[in-house]
Amino acid sequence: MENKKNNNAFKKFTQKHSEIWKFIKFTIAGGGSSVVELIVHMILLNSVFSSLTNEAITSSALNMIGVTSKGYLYTYLISTTIGYAIAFILNRKITFKADANPTLSMILYVIMVVFTIFANGWIGSAMTTFAQAHNLLGNFWDLLIKIIGMAIPTLWTYPCNRFIIHRKKEGGNRKLKAYIRKSPRRSKTARGFLNLI
């Protein structure tokens, strides 16, 4: 009986505060994917690509976002790709239950991710410059800078994910499609309309 009451209270909260609940799920999905990203980042940086951290990269675009060695570049690309892929799937399927065109969602997501990577790189670069100027070096500070750098983009990633990327078709479209399909006199126009919605 007690468990049933708790379930009802939780369900009432999530229904009454659906936007807050979506943000909570977005934060949990982002946090979970970030933990995986951090683990992969630290393992790759300290083991797989540690020998490549001494090979400098002279690309001004990469240096602008804080990538100064081949080891860090490979680590960053792999860990970030894994983190963003996990976040995309969790947010699409669980947080927003999106049913919009998945191809369009992926394209929009990639655009947002590229922007976020460069913005995050610039933020990370600024924080790294600050850390170096104050002699805050080592794995602990690299980890702290990474965590702060991953938290700041929430200011734009949540609204983009919620309102642009992971949209949900309105229930009215599904009802209209069902009505047109059941109609015994579907015209070519109605069938063409079905394809549009």
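Buried is used here for residues with under 20% relative accessible area, exposed for those over 50%, and partly exposed for those in between (1.4 Å probe, protein chains only). The model is predicted, so that local features need pLDDT of at least 70 and side-chain atom pairs count only at pLDDT 80 or more, while totals for chains, interfaces and linings use all residues. Residues are numbered from 1 along each chain as its sequence is written, and side-chain values use heavy atoms, with hydrogens and water left out.

**View 1. The edge-to-face pair of Y84 and Y109.** Rings of Phe, Tyr and Trp (its six-membered ring) pair if their centres lie within 6.5 Å, and planes under 30 degrees apart count as stacked, over 60 as edge-to-face and the rest as tilted. A search of the whole structure finds 12 aromatic pairs. In one of them, F23 and Y158 have ring centres 5.0 Å apart and planes at 80°, so this pair is edge-to-face. Y158 is buried at 10% relative accessible area, whereas F23, at 37%, counts as partly exposed. For Y84 and Y109, the centres are 6.3 Å apart and the planes stand at 75°, so this pair is also edge-to-face. Both residues are buried, Y84 with a relative accessible area of 18% and Y109 with 7%.

**View 2. The ring cluster around F23.** Ring pairs join F23, F26, F96 and Y158 into a cluster.

**View 3. The end of helix α5.** Helices (H or I, at least four residues) are DSSP runs, numbered from the N terminus. Just after α5, N135 adopts a positive phi of about 55°.

Terms used: Helix = DSSP H or I, 4+ residues; strand = E, 2+ residues; numbered from the N terminus.
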